[in-house]
Amino acid sequence: MKTLAILGSTGSIGLNTLDLVRRFPGRYRVAGLAAGENLEQLLAQVQEFRPRLVSVKSAALAERLEAGLRSQGMETEICWGAEGLVRVATMAGVEMVISAVVGAVGLQPTYEALLAGRQVALANKESMVMAGRLLNETARRHGGCILPLDSEHSAIWQSLPGERREFLARLTLTASGGPFFRCSREELAAVPPAAAVKHPRWSMGPKISIDSATMMNKALEIIEARWLFQVPPVKITALIHPQSIVHSLVEFCDGAVLAHLARPDMRLPIAYALAYPERLPLPFPVLDLAREGKLEFFAVDPERFPALELAYRAMEIGDSGTVALNAANEVAVARFVAGEIGFLDITALVAEVLEQVPRRDFTSIAAVMDFDRQVRAMMAAGPAADRG
Ligand SMILES: NC(=O)c1ccc[n+]([C@@H]2O[C@H](COP(=O)([O-])OP(=O)(O)OC[C@H]3O[C@@H](n4cnc5c(N)ncnc54)[C@H](OP(=O)(O)O)[C@@H]3O)[C@@H](O)[C@H]2O)c1
């Protein structure tokens, strides 16, 4: 039985992971759960999966959770905040940590899990974008490993075995294009937050849905792929594929291209990481290509979707560039959701921030997090704060 700790258990990835745990009784045990504010969902999860330790976002939420659990006679230990996330990520006896909180808050617990030598099934791409090199080093030194959960990266991971690295020519991550990939710049300028969180092919949390709509999600994934597969940025590209059936393409020096195909269901890449190196007999509908009919591919238009170019610029700057890209995007998305800025301002703000970033590489997670805070403070104080 594999023992799991799930960070972000009430989110889209967390729920999909628990769905798999439920479907394979006797294979997985849940020792720890960490969530943010959704107490109702978390309470139900604690009742069903009986973890030893649970964490929530704040002390006040922990108090309410405690009242709920005790009223049902449950003695589960409760913790909270950034420290609570780390406690769940480093629990004794846990083999695999599912890192699936959203945003920069995922970095510290992901790092601590690797420091503790755990296998980390990584959905929280923001942590890889902020500190991929340091996370790789930490995994190597402490006997942990990082297994990708993102469907595109899982697809590449599944396509590489048996191939020699020197023959790899290019990785192509596919992107659905989000809900607006056919829209003009004028139409994009008028997109409201409610439309941006509705993804046409995937059911995901609000932040990643908006990232998909701006294509910043693909920008983050290109940076993530660079570190996960140790491939230089020049060999990583993206292609719009609205059907989301082909998840990635791996091209070799002889022109051969391996494509990974599957129905767009996050439970497939999650199951692959959970069971690795085995495969689970998943009881879901199989891919029916005759029914799909057509698979289309389009180049990304940099005029309407400048996010990919920002990813390459950020990587060219160095660690400070990718930390700044991530922080600026998180701030910009929050402002867009609050109605303070328009849809196109998200990538414009990120571009503005990248213009001002000094070139710096970091040798510790503390330095990465410190720079992340500096970028957010700069955005709160600077002219970018007045946009809208
Ligand atoms: N969804 C997908 O299909 C997908 C695919 C690939 C990669 N990813 C990546 O996976 C991560 C999660 O995405 P998602 O779509 O699952 O997001 P989501 O549905 O918004 O879920 C986010 C999770 O993080 C928790 N959380 C947020 N802030 C927290 C905090 N300060 N402390 C503790 N927990 C906190 C939330 O708790 P509450 O809800 O209880 O507040 C929730 O459990 C993101 O990095 C995303 O890019 C997602």
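**Ligand shell**

I looked up which domains line the ligand in this predicted model. The shell takes at least three residues from each of domain 1 (2-148) and domain 2 (153-266 + 284-386). I counted 30 residues around the ligand, and noted Gly 11, Gly 36, Asn 38, Ala 123 and Gly 205 as the closest. Two or more residues of the shell come from each of H1, helix H6 (125-142) and helix H10 (206-214). By residue class, I recorded 14 nonpolar, 10 polar and 6 charged residues in the shell.

**Domains and their contact**

I next turned to the domains themselves. The assignment for the protein chain gives domain 1 as 2-148 and domain 2 as 153-266 + 284-386. Taken over C-alpha atoms, the centres of the two domains are 24 Å apart. I found 22 residues of domain 1 in contact with 25 residues of domain 2. On the side of domain 1 that touches domain 2, at least two residues come from each of H1, helix H5 (107-115), H6 and strand E7 (145-148). H6 supplies the largest share of that side, with 10 residues. I noted its division into 12 nonpolar, 7 polar and 3 charged residues.

Is Val 129 buried or exposed? Val 129 is buried, because 27 other C-beta atoms lie within 10 Å, where the cut-off for burial is 20 or more. Not counting residues up to four places away in sequence, I listed Leu 220, Ile 223, Glu 224, Thr 322 and Asn 326 as touching Val 129. I also checked Val 129 against Gln 41, 88 residues apart along the chain, and found their C-alpha atoms separated by 29 Å.

**Nonpolar core**

I looked up the largest nonpolar core, which has 111 residues. Leu 7, Ala 311, Ala 324 and Ala 328 have the most contacts inside this core. Helix H15 (residues 319-337) gives the largest share, 9 residues. For Ala 328, leaving aside neighbours within four places in sequence, I recorded contacts with Leu 349, Val 350, Val 353, Val 375 and Met 379.

**Ala 348 in H16**

I located Ala 348 in helix H16 (residues 343-356). I classed Ala 348 as partly exposed because 16 other C-beta atoms lie within 10 Å, a count between the cut-offs of 12 or fewer for exposed and 20 or more for buried. Ala 348 and Asp 288 are 60 residues apart in sequence, and I found 40 Å between their C-alpha atoms.

**The two faces of H2**

I finally examined helix H2 (residues 39-49), whose buried residues are Leu 42, Gln 45, Val 46 and Phe 49. Why do these residues fall on the same side of H2? They span an arc of only 100° around the axis, which places them on the same side. In an α-helix there are 3.6 residues a turn, so residues three or four places apart point the same way. On the face of H2 turned away from the buried side, I noted the exposed residues Glu 40, Ala 44 and Glu 48. The cover over the buried residues of H2 includes helix H1 (12-23), strand E2 (28-34), strand E3 (53-56) and helix H3 (59-71). Just after H2, I recorded a positive phi of about 50° at Arg 50.

Conventions. Residues numbered from 1 in each chain as written. Predicted model: local features only at pLDDT ≥ 70, side-chain atom pairs only at ≥ 80, totals over all residues. Helix = DSSP H or I, 4+ residues; strand = E, 2+ residues; numbered from the N terminus. Arc of directions from axis to C-beta. Contact = placed C-beta atoms within 7 Å. Near = placed C-beta within 6 Å. Nonpolar A, V, L, I, M, F, W, Y, C, P; charged D, E, K, R; others polar. Domains from an automatic or database assignment. Core = buried A, V, L, I, M, F, W, Y, C linked by C-beta atoms within 7 Å.
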